[in-house]
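Have a look at the structure first, and then read on.

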Amino acid sequence: MTTVTNSMNFIVAFTGSGAVTPVFVLTGKDLLLDVLSPVVLEEEDEFRWKFALNKKQEESVMRVSYNHKTRIFGRYKGRAAISLQNYSLHLRNMQQADSGLYSAKIERDEDELVGEYNVTVQDPVSPVELTVEFASNSSDSCILTVTCCTRVSDHINSILRCVNSTCSLNGGEMSKVTASGASLKIYLVDGTISCSHSNEVSSSIKRTSAMYFYANQLFHSKLPRRVGAVIHCRSTTRLALPFQVCRRTYDVLKTINCKIKIDDMTAPKTPPPC
């Protein structure tokens, strides 16, 4: 079993099997890699953490001798530390160049592998923007175009269809994997449209109410211009629309927990039929 937890400013990773464990780290955070089993050094044994970018590029991070004499190598000086109690490796300020395979070995006549991690350092994803635009409507339905985009020009478009106060995603592109390996998704849950941009270490989400746009289009397409109405919905969206609230629209709004206040005191107390 693999466990990876984010504890304040560093990632802690440990594994319960001999398989290579994937670990994802946010750029600039610290990383703590544990060993698989207790390390007991006998005379002439050495313990070593190594880093490999690929099969041809391997380098030592640090070495610990039988008498606990420790040496830190090259670019890891000032960034790496080891616990002599459990031989876990602590790396500070992880950067893209630190992505690769980390292995922990007891070096003796027959080397013993006691930990292996495939580490990927990722930047945080960019913020997303969510837009909903009217496409077409009929007496009881409307079709909307939903666009989810990032600041680096990645985008997806989906079609949202609302019929009799029920909305569903119906066509278009629901998700994609960006050039950086992040995930861009549009989804609909309990009447809320969400646009999500995420990778293994960060996420950005924007949400809006699908029913807001459905009710808005219903007002614009069906109601005469008579009095002002202010609509308060559970999504905290505030609708200020210069239309009289008819009975059919009133019933729709009630289904999405909206409260209606008629600004014109001369307006009828009971909504008129549509």
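C142 is buried, with a relative accessibility of 2% (buried means under 20% relative accessible area, exposed over 50%, and partly exposed in between, using a 1.4 Å probe and protein chains only). Its closest cysteine sulfur, in C162, is 4.5 Å away, too far for a bond. C149 is partly exposed at 24% relative accessibility, and its sulfur lies 6.9 Å from the closest cysteine sulfur, in C148, again too far for a bond.

This is a predicted model, where local features need pLDDT of at least 70 and side-chain atom pairs count only at pLDDT 80 or more, while totals for chains, interfaces and linings use all residues. Residues are numbered from 1 along each chain as its sequence is written, and side-chain values use heavy atoms, leaving out hydrogens and water.

## Cysteines that are joined

A disulfide is a covalent bond between the sulfur atoms of two cysteines. Here a pair counts when the sulfur atoms are within 2.5 Å, and the count comes to two disulfides.

One joins C148 to C195, with 1.9 Å from S to S. C148 lies in strand β13 and C195 in strand β18, so the link ties together parts that are 47 residues apart in sequence (strands are DSSP runs of E, at least two residues, numbered from the N terminus). The other disulfide joins C162 to C167, with S to S 2.0 Å, and both C162 and C167 are buried.

## A sheet of six strands

An open sheet has the strand order β3-β11-β10-β5-β6-β7, with mixed pairing (two strands pair if DSSP finds at least two bridges between them). The edge strands are β3 and β7.

Technical notes: Helices (H or I, at least four residues) and strands (E, at least two) are DSSP runs, numbered from the N terminus.
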